[in-house]
Every structure is written in structure tokens, then in C-alpha cells.
Amino acid sequence: MKNATLLIVILLSLFISCKEESKELEKDDSKGASLSIDYANGFSITRYPTHTIITITEAFPRAQKVFKYALIPKDSLGKNIDNESSNELEETLKSQGVDAILRTPLNAVVVTSTTHIPSLEMLGVAETLKGFPNLDYISSPLMRKRIANKEIIDLGQNESLNTELTIELHPEAMISFGVEGENKALSNIQRAGIPVLYNGDWVEKDPLGKAEWIKFFGALYGKESEADSIFKHIEKNYNTLKGQISSIKNKPTVLSGGMFKDIWYLPKGDSWQAKVLEDAGGNYLWSETKGSGSIALSIESVLEKGQQADFWIAPGQYTSYAKLASDNPAYAQFDAFKNKKVYTFAKYKGETGGLLYYELAPNRPDLVLRDLAKILHPDIIAEEFTFFDTLDE
Amino acid sequence: MNNPSSHSILQTRDLSIGYLASSVNTVIASDINLDIYKGELVGIVGINGAGKSTLLRTLSGLQPTVSGEVTLSRKQIKTITPSLLAQQLSVVLTNQPISKNLSVAELVALGRQPYTNWLGTNSDTDRAVIIEAFKNTETLALKDKKCHELSDGQLQRVLIARALAQDTDVILLDEPMTHLDLHHKASLLKLLTAIAHKHGKTILFSTHDIPYALNACDKMVVMKNGSTHFETPATLIESGVFDTLFPSEHVGFDREKRNFFLK
Amino acid sequence: MNNKSYTSIFLILTLALIVCILANLSLGSVGIPIKEVIASLTGGHVSKPSWEYIIVDYRLPKAITAIIAGSGLAVSGLLMQTLFRNPLAGPFVLGISSGASLGVALYILGGTALGLSTVFISGKWGLIIAASAGSFLVLLMVIGVSTRVKDTMALLIIGLMVGSLTSAVVSVLAYFSKAEELQRFVFWSFGSLGDLSWNGVGILALCFTIGISLAIGSLKSLDSFLLGDAYAKTMGTRFSRARFLIIIATSLLAGSITAFAGPIAFIGLAVPHLIRQVINTTRHIILLPAVIMGGAILMLICDTIAQVPYSEFTLPINAISAMVGAPVVIWLLVRTKKLLF
């Protein structure tokens, strides 16, 4: 028994000593100018005379480690500057503990989430995307054309990224979404000399905060001012409409989600879906729940609370009333079903089945807001739906 | 006066055998005092459940004693290290989960384990002992067969060859004659007698074939009602222990013919 | 069998191993000509730096991992089959991979399901430590039980029961998890030989060396176990110690491989049988090296297939090992009509 206790103590001390240490970069605010980031919490950008630093504070939920990426501009011909002063700069940055050093603007990049693609398109740098895991998910028509021309390589599935092809492609950077712990393939790619940047847009809870990550991409391409103005445009659309709606007294009740194997999943109260619903003038029946993921509920509790909801928005992957009813007769019990007030985003797909909503919605919260307002208060919106539509029969 | 125990090779003193349990020990037989000499052929008999197997397992160290001691060459067996004990005492057991894929040569060669190096490789001496064991049991012709291809009689001989290869002073056999027909029983008994008398090994074996044992053995151990009687066959017959060995009015013992009969 | 046929068999195995290593290094998603492969390995001139990186820093560590995993699991299987005198025993019969799964499940899925913060073991080695801790705890349980239990068969059943228990806990954790976490866990359970850092390969190699050394030290007692516990004891085998060493060797080999490469089924169970069909002996001093080479060869073949050469997708190694190996075992048994065990 004594030996067992000793072993357990050794194990525990191993756990504790493996705590990640976050590295602090010297903050020299007098020399660096921080770009204004108003809604996003997960990143910040600071410009220095010789370089820019992107700091990712929340690569994944509850992340302890902070990531710092240094961006050094290329010369006017778009080539890496390779002289004494830039080498010295690299050395200094390395000693300060940055996680990656990149030369901007980037010419060849790999991203790993479809939500990264609209930013590239909006900044006009779509042709720099050279590789993506699982091409079928991409719905953007522009990218599908490039895929047809074999300009983007399929790098396998995200969890089992094809290391060989990625290394062979050798992009200047790989934009990944962070996960806790180590991903073996990503480490190997970094060891091969390809910087891996963690994009935490998916962690943001605020709808505008998510869209603000276009500034992250802007910095990578030296297009900070374009990114800024694009975002300002989205922000203005969103806030103007939101203000318009806030004066409407009538708030229809809203239900969301659907069942997967006996469990009903719907967004929690702090999630961005819930926020946009509230901003669109809806009374989301689960807005009191804390947290930003999904809740798992039984059909009974959903029926009890939401059976009389005015609208049912985003019932998972369903696109027709017939399928809903045949999958589970309980669905037909909801008033929203009986009154044909169910709206889904699952009908707009790209050529190969990728959902437009998953790709574009996080980047264009203004369009999502407009769609939801059109559902809840149809008289104030004239434009067509972008993402949502009524269900088929 | 000569102390006979100074010459005996296997000896027990006030031995109790049975099963140890945390709450209460089960004693199958007690007060066992044996003095067995080099080169003796000793048969252990008794009705089913009398404790023959338990006695053999206790003598070989496979089972702990309930109380009392077992001494081998003047040392208590519980103080002898397994590898040294294996050089002095070997066993022949039935119904063991022996790998079917073993060849006869491999099985007999395993008997040399107490003497080989850490890898278990056989030296020339080892090989010589193995060949001798084959010859003494007349199993050399079976050398390359697989064990599962052997008849019961052949398998018994091969197991005895293995024990011979182990080159020990004492060999314990648990019911070696079960499963064998008359002819094989007789030839096995002849083999055991030869091993005991010609090669000077001490043989203890348990059996149900009391008449055979009475004829062949130098001494016998009769286990009856929790106690043991250890004498020469003649003395045992005289003492009348066989008359009432079986608890049945249907079986009687003929002292003249040294045999049992149905009443 | 005589020594001459052993020599020719080992010669064939060695040749097969070399061919498999070369094939494994040459085939992959990216087509690299053999000349370049050899040049990368020998420090010659390589046309593209990415090719050199792929060969030396991706395929080479993967090949070494495959060799260690294949050999280690095959040896573990052999040890377990002999110790338990059971042809269906494999390296995971003591519950080792179930323990590792539990550790990994708590690490990946525990966050949502139990509200655990696993942040304090995050970082490069988090997953590996979680898996090792899981198998280690199961091992402690099994050893604790083995000192109280005389009958080796009882140990087998206890290992299976522990396996069921941990699987049940993992199911509950999985039931309450988010889709992405579940996907990460499922992908871990598919097994993956690639992307180990050289440090990782080093540690794996160390565990392998120690495990194999313990197995070599157990060769004599393994042979004695072929006759059953009673004969083993009376031939001088220090029974408890021998059993303990065999269990430690198996746990070290199977546990380290599962921690670094995920649970890889089938190889440990099948390779000893495959070797026994080819080499007609029960002596472990011959079987051990044959199983080491056989395991490496089979794993390399499976990995080469799993890479689906010249395409961008890869198949899970776990599925391939069963799909390739099971028909071979069935064919062999049908051919000889009986199980030589």
C-alpha cells in the first residue's frame, strides 16, 4: 500500500508541473499603438514601428495560454526582407517568446474552418487560400470555382489532417482553431517550419465580436484599414437595425433546436444565436440559461416551455414539415409547427452540401439579424432571406 | 540405538493436511508421521476423498501444511528455495492444462529447467540426461510426436520421462495408473519399480489399485478416517486395516489372496 | 523442427521486414521517388526540402512507431496467451486499453460532462499522461488483486470485468459530451501512428526496450507455464514473481503504445497465432524474436495500406489491422483445420 501511495503522489506532482506557463511579451505601450477592438474579447493587435503583434487571449474556452504572433512586413516587391536588421528583429522577437513570426502580406495560406473563408473573400485575398481540410464543406461559389480549377488542395479531415500533403504544400501560415492539449498533426506541421495560428472566433459570444475577427485577417495581409472599414459597415448595419427593432413593443416567443437521439439540443442564453434572437426583437424562451454552448433537454421540458412559442427557428438540419412529423410525432405538437411558423437555415447549401449559414453567418451577423427580423417582424424588412427560409411541405 | 530417521530422505512429523481459510481450517488428515528411505517404492491408498492428492500436494510443497513439518534431506521444505527444491523433488500429475502443441522432446526437455541457465538453453549434459530419460521409459521413438497425438499410456510414460529428466531423488506421482488398461497398468508399475530399485529414486504414488500396490510396493500409506497407517504391505494386511477400508457391506478383503471381493 | 529451418524462417522474416520498411517509407499521400527516399535517409541531395522533411521527420518516426507498436503488442499478446493458457487472450485482457480510454475520456470529455477543468494537465503531454495514468491505475488494481488471488484464471476474469466497467464509464461520459469533443475522442480511439515527436518516439522506445528485456528475462518461466501452474512451480519457477514480471512487461509495452498511438486492436491477438502456424515450436526463445519481427511486419503493412498512397485521405489504423489480419488468421486456421496452441 505504501508503494501505491508513493506512486499516486508522483503522478499528481507530474500533473501539476505540466501546467502551461503563459509567456509575457514586453509591453512597451509607449512605442506600440493598439488597434481598437470593440466587441471581440479573444484577440488584440498592437502596431510597432517595425512589426505588428497579434495576441490571442482565448484560443479555446477557458484557455490559460496566451499566443503571440509577430508580423514583419515584406518589401515592396512582396519578398521577405533578409538583411541584418530584420534578422536582428527576428532574434529579439524570438527571445521575447513569440509563438510564430510571419512575413506579411501572406501569399499562401491554409485555413481549417469555413468561417475563415468569408474574411479572405471580403478582403479580396481569396486566391491566397491553397489548402483546406475536407473541401466539400465550402459553399462559397468563388471558392468552389477555384476548387474546380484545382487551386485548393484537400487536406483530409480536420481530426486527421494529412500531414504529408500540408508539408508538401508548405503554406506561409496555417490558421487553425485551437483545442485544449496538443494536436499531434499540428505540432508536426509547426516543427516542419509552418507557423500555426490559432483563430478563436468560434469562442466569441458576441455576434459582432465574432465578425470583428476580420481584423485578425486584415493584419495578416497588411489590410488593416480595409478590414476596419468592412467591419464598420457590418457594425453600422447591425446597430442601426437593432435600434430600429428595440422600439417595437411586441416580442414574439421563440423556440429553437431539435432532437438528436432522444435529446433536444438548443442554444444556451449567452450564446451568439440567443443574442441575435434577442436583438431581433424575439423573446427566446431559454434566454435565462447561463453559458454559451448547447443545453441538452428532454422532449417533455421543451414541450412544457415551448409548446406555445410563436416561432420555431433553426430546427437543426430539418428542411420539411413532413420529415419533422415522420421522425417524431412530438414535433407536430408545437404550435409553431401547426401554424407553419418554422424557419430553417438548412436549405441554403453550396454545390457539395456545405451549409452557407455555417460559413457566412458568423461573419455577417448583420445579415443574420436582418433574416431574423424578417421572420419576427416581417413588415420592417423588404430584402430577401440570406440564410433562412420557411420549411417545405 | 540407531536412529532410523537419520537415513530417511523424506519425512513428516505430526503433519496435518487440509485447506487453510481465513475463518476456519479444514483438516483432511492429521497426525501423519512418515519416514521414507532412498530407493523405496511407496503407494498411497484410500477411498475417494481420503486425502491422497492433498497429501501429495503438501509433500511436494504445492500446498501449505495445516500444521507439522515436511522434511526433505533433513531440511524443511518450506525453507528450501523453489529452484533447489526442484532439483530434489519432481512430480507427475494428471489433468493438468498442458499445451497441446508441445512436442514430446520439448516436454521432456522442460524437466531440465532447474539446471539450465537463465535463458533455459540445454547443454550437452542436459541433452544426455534427457536421452537417458527417454531410454529408461522406452519413449525415444515418440520424441518428435506432438503430445496430443499420444495415447494415455504413452503420455504417462512421457510425463515420467520428464520427471526423470529432472533428475531428482524423490518423484511424487498423483494417480498415474488411472485411465490405463490392465496391460499398461502393469508395465507402468514395472517401470516405477525399476526406477526405485535400480536407479535408487524414492517413488511415492497414489492409486486406487490396491492389489497392485500390495504386490509391488515396499511400504504403503493407508489413509482412513482422517488418520494414516504407514507400514509394509504384509504388516498392514495383518493389522486388518483393509478389512474395513470400504464403508460398505458389499465389499470384503481376502487376506490370503491379498484382494478385495464382492460379497 | 530443426535449427536449419529456423534459420531460413528468420532469414525470410528479416528480408520481409526490410522490404516492408522500405515500402512504408516510400509510399504515402505525397509521391516521392525511391531515389529521393534513399537520398533523404543517407544525407544525400534531395530535390525538394519538403520531401526530405516528409521522409525524415514524418515517415521515419512513423515507421519506427509502427515497428515498436507492432512488435510490442505482438509480444504482449504472446505473454498473455501463455500466462493465461488461453488462445483468445491479447495485450488488453488485463484492461489496459480500457484504462487508457478512461483516462483519455476524462481528459477530452470530462470537461463538459463532469464540469472538470483539465486545464492543469493541458499542454504537449496532456493526452499521453492522461492515457498512461488511466492504464497505470488499472494496472495497480490488477496487481493488487493478483497478490490476493492464487488462480490465474480469476485474474483473467477480473481484467475483463475491469474492462467492462471502464467502458461503461466512458459511455456515460460520451453520452453527455459535445459533438467536437466526441469526435476528438473517437478519432483517438481509431489509433494513429504518425506525428509523434522524436521525444515521443524516444520515450516509447525506452518503454519498449524495458518491456522486451523483462520478456526476455521471463522466457524460462514462460516455457514452464506451458505445463500449467503446478508443474511450473515444481520445476523451480518462482511463481508469483514470474507472473508479476510478465504482467509488468505486458503493461509497460501495451500501456506505452496505447498512450502514444491510441488503442490498436487485433495485432496483439493475431500475430502470435500467425507465427505459431508458421513456426512449429512452443519454445519461447524462438517464438519471441519471431513474434517481434512478425508484429513489426504486419503493422508496417497495415500502416502502408492505411496511408492510402497517392490520395489525400487516410484510413484509421485500427480498422485496417483487423481487416487485413482477420482474414489471414481465418485462412490459416481453415487450412490446417486445427488450432495449434
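Modeller: Start with a definition: helices (H or I, at least four residues) and strands (E, at least two) are DSSP runs, numbered from the N terminus. By that count the elements of chain C run α-α-α-α-α-α-α-α-α-α-α-α-α-α from the N terminus on. The model is predicted, so local features need pLDDT of at least 70 and side-chain atom pairs pLDDT 80 or more, while totals for chains, interfaces and linings use all residues. Residues are numbered from 1 along each chain as its sequence is written, and chains are lettered from A and ligands numbered from 1 in the order in which they are written.

Biologist: How many helices and strands are there in chain C?

Modeller: Chain C has 14 helices and zero strands. Chain B has eight helices and twelve strands.

Biologist: What makes the radius of gyration of chain C agree with that of a compact globule?

Modeller: The radius of gyration is taken over C-alpha atoms, and the globule rule is 2.2 Å times the number of residues to the power 0.38. For 341 residues a compact globule would have a value near 20 Å; chain C has 21 Å, which agrees. Its C-alpha trace spans about 65 × 60 × 35 Å along the principal axes.

Biologist: Why are α8(C) and α11(C) called roughly antiparallel?

Modeller: Two packed helices are described by the angle between their axes and the distance between the axes. Axes are lines fitted to C-alpha atoms, for helices over the stretch in contact, and angles run from 0 to 180 degrees between N-to-C directions. Angles under 35 degrees count as roughly parallel, over 145 as roughly antiparallel, 65 to 115 as roughly perpendicular and the rest as oblique. Helix α8 (residues 198-217) and helix α11 (residues 239-261) of chain C pack at about 160°, with axes 8 Å apart. The pair is therefore roughly antiparallel.

Biologist: Which residues make that contact?

Modeller: Two residues are in contact if their C-beta atoms, placed from the backbone, lie within 7 Å. From α8(C), the contact includes C:Leu204, C:Phe208 and C:Leu214. From α11(C), C:Leu245, C:Leu252 and C:Phe260 are among them.

Biologist: How many residues of each class does the contact of α8(C) with α11(C) have?

Modeller: Ala, Val, Leu, Ile, Met, Phe, Trp, Tyr, Cys and Pro count as nonpolar, Asp, Glu, Lys and Arg as charged, and the others, Gly among them, as polar. The contact has twelve nonpolar, four polar and no charged residues.

Biologist: What makes α5(C) roughly antiparallel to α6(C)?

Modeller: Helix α5 (residues 126-148) and helix α6 (residues 152-175) of chain C pack at about 150°, with axes 10 Å apart. That makes α5(C) roughly antiparallel to α6(C). C:Val138, C:Met141, C:Val142, C:Val145 and C:Ser146 in α5(C) meet C:Leu155, C:Ile158, C:Gly159, C:Val162 and C:Thr166 in α6(C). By class, this contact has seven nonpolar, three polar and no charged residues.

Biologist: Which is the hand of each crossing, left or right?

Modeller: A crossing is left-handed if the near helix is turned anticlockwise from the far one by less than a right angle, and right-handed if clockwise. The crossing of α8(C) and α11(C) is left-handed. α5(C) passes α6(C) in a right-handed crossing.

Biologist: Which chains share the most contacts?

Modeller: Of the two pairs of chains in contact, chains A and C share the most. Chains A and B do not touch; their nearest C-alpha atoms are 21 Å apart. Between chains B and C, 22 residues of chain B are in contact with 21 residues of chain C. On the side of chain B that touches chain C, α2(B) gives the most, with three residues. That side divides into twelve nonpolar, eight polar and two charged residues.

Biologist: Where do the domains of chain A lie?

Modeller: Domain bounds come from an automatic or database domain assignment. Chain A is divided into domain 1 (22-233) and domain 2 (248-390). Their C-alpha centres lie 32 Å apart. The contact takes 19 residues from domain 1 of chain A and 21 residues from domain 2 of chain A.
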